[in-house]
Amino acid sequence: MKKREIIWLIAVSVIVTTSVMAYNDFESNEKQFAGDAIEKFTNLSDIDMQLIGHLSTNLGTFEIYQSDTSFYYINSESNRVEGAIFIESPDQLKTVRLTQYDAQQKAQQFAIDHYNRFTEKNFQLINAELIDHGDGGIEYLFIWREFIQSTGTPNIVQISVNPESGKILSYIGIQRDIKVSVLPKITEDEAIEYALTCFPKLYLKRESIPAYLSVEYITPGTQSLTWTVIIKHEWIELQSISFDQMEYSNGGIVVIDAQTGKVLLKDMWR
Amino acid sequence: MCHSAEINATYGNFLTMSQNKGVDNAIGFRDDISNSKAIYWNNRFWYHTNNNYNLYSAAYVATYETALYPPITGNYSGLESWVLAGNWQTKLEPARYGN
């Protein structure tokens with residue numbers, strides 16, 4: 001082999017080896033960050049965990065780690081645990097022993113312990129319900145949303161609770177800085193008007209249509225101030241065809257840009 | 001499909017009807033479900049069943065991930081109303097492995 005070829009071979013080998021080492025270092029650092037985040041979140045040490053995937057949403061990218069029957073969703077940018085699932089057998093979710101109030105107290109305490117400055121922010125409970133999944137068990141679900149004035153932010157805390165034992169089944173805690181104005185140029189009435197143009201064949205009572213002002217991620221990584229209009233045409237009977245008892249639901253969710261009035265999303269019921 | 005787990009006065013319940021006709025497991029939804037979130041839920045559910053999750057875990061995790069999929073932040077658009085009829089421990093295997 002000529003001298004020049006040998007030098008080239010050595011150079012290529014060095015580059016490849018360095019790249020592989022750098023990648024391994026990157027992976028190792030990533031796992032270290034994740035391990036630290038999970039240990040901080042759980043207050044446990046030496047957790048055996050595996051990276052099992054990634055989840056890309058408009059809110060950001062999450063690395064998903066599994067440890068036994070627990071899953072952790074780590075925000076790739078902040079290296080913070082923003083979600084966790086603690087899977088239990090539905091056999092342990094059959095009986096409701098806790099009142100909704102008691103379950104809510106447990107969920108709220110978990111939020112205080114795990115969400116940064118939960119009590120200092122203006123979080124409001126927007127959903128509290130007992131959900132029966134049939135053979136998939138029963139769970140309490142609580143969702144808090146942070147509000148600035150009367151505008152909902154993307155910052156939510158969502159916790160579900162085992163109605164029998166009071167254990168936490170899942171947690172979501174989104175923490176984002178608000179980068180857009182929370183004051184709309186479009187009024188609620190105008191937003192409903194624009195939303196109704198998406199369903200010209202529906203006859204609805206305007207006063208029955210709810211609209212919510214909030215900051216949403218309509219496109220990846222970008223916040224928009226929006227009106228979310230929920231349009232439900234309650235059960236129409238299809239008497240013109242023979243299925244006289246058959247019913248269907250119509251309408252959908254329409255998201256309107258609260259600054260321009262543009263329809264950003266029309267999401268039909270199916 | 002919207003209200004597929006709801007009991008209709010005339011036709012009963014899609015889930016139990018499916019089981020009566022020999023289906024081992026069925027999943028439906030009690031409430032209205034929005035199209036985009038339903039598609040997302042569907043993709044995640046099959047992804048998890050393909051990764052050897054049982055039906056309960058696949059449905060639970062898919063629903064959870066649907067809440068992380070905006071818009072609307074923190075809203076499930078009805079997908080949280082899923083109902084399982086059957087054996088939650090069932091795992092799905094590709095047909096090519098069957099007899």
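At what angle do helix α2 (residues 35-50) of chain B and α3(B) pack, and how far apart are their axes? I shall open with that question and then turn to the complex in general. Please bear in mind throughout that this is a predicted model.

In general, two packed helices are described by the angle between their axes and the distance between the axes. Here, α2(B) and α3(B) pack at an angle of about 140°, and their axes lie 8 Å apart. Angles over 145 degrees would count as roughly antiparallel, and the angle of about 140° therefore makes α2(B) oblique to α3(B). The crossing of the two helices is right-handed.

Which residues make this contact? On the side of α2(B) they are K37(B), Y40(B), W41(B), R44(B), F45(B), H48(B) and T49(B). On the side of α3(B) they are S57(B), A58(B), A59(B), V61(B), A62(B), T63(B), E65(B) and T66(B). By residue class, the contact of α2(B) with α3(B) divides into seven nonpolar, five polar and three charged residues.

Chain B contains three helices and two strands, and along the sequence they follow the pattern α-β-α-α-β. Of its 99 residues, 52% are buried. If we take the contacts in chain B between residues at least 6 apart in sequence, 68% of them join residues at least 24 apart.

How confident is the predictor in chain B? The average pLDDT of chain B is 84, and 88% of the residues score at least 70. Within chain B, confidence is highest in helix α3 (residues 55-67) of chain B, with a mean of 94, and lowest in helix α1 (residues 14-20) of chain B, with a mean of 79. For the complex, the predictor reports an ipTM of 0.89 and a pTM of 0.86.

We come next to chain A. Its secondary structure comprises three helices and 12 strands. Chain A has 270 residues, and 31% of them count as buried. Among contacts in chain A with a separation of 6 or more, residues 24 or more positions apart account for 50%.

How many residues does each chain bring to the contact between them? Chain A provides 38 residues and chain B provides 34 residues. On the side of chain A that touches chain B, strand β11 (residues 247-257) of chain A gives the most, with four residues. That side of chain A divides into 20 nonpolar, 12 polar and six charged residues.

D267(A) and G252(A) are 15 residues apart in sequence, yet their C-alpha atoms are 5.4 Å apart in space. Why is D267(A) partly exposed? There are 19 other C-beta atoms within 10 Å of D267(A), whereas a residue needs 20 or more to be buried.

P163(A) counts as buried because it has 25 C-beta neighbours inside 10 Å. Residues up to four places away in sequence aside, P163(A) touches V96(A), R97(A), L98(A), A103(A), L130(A), I138(A), E139(A) and Y140(A). By contrast, 33 Å separates the C-alpha atoms of P163(A) and S208(A), which are 45 residues apart along the chain.

D46(A) has a positive phi near 55° and is not a glycine. This residue is found in the loop between α1 (3-42) and β1 (50-57) of chain A. N79(A), also a residue other than glycine, has a positive phi of about 55°, and it is found in the loop between β3 (70-75) and β4 (81-86) of chain A.

Are these two residues exposed or partly exposed? D46(A) is exposed, because 6 other C-beta atoms lie within 10 Å. N79(A) counts as partly exposed, with 15 C-beta neighbours inside 10 Å.

Technical notes:
Residues numbered from 1 in each chain as written. Chains lettered and ligands numbered in written order. Predicted model: local features only at pLDDT ≥ 70, side-chain atom pairs only at ≥ 80, totals over all residues. Buried ≥ 20, exposed ≤ 12 C-beta atoms within 10 Å, placed from the backbone. Contact = placed C-beta atoms within 7 Å. Nonpolar A, V, L, I, M, F, W, Y, C, P; charged D, E, K, R; others polar. pLDDT = per-residue confidence, 0-100. Axes fitted to C-alpha atoms, helices over the stretch in contact; angles between N-to-C directions. Parallel < 35°, antiparallel > 145°, perpendicular 65-115°, else oblique. Left-handed = near helix turned anticlockwise from the far one by under 90°.
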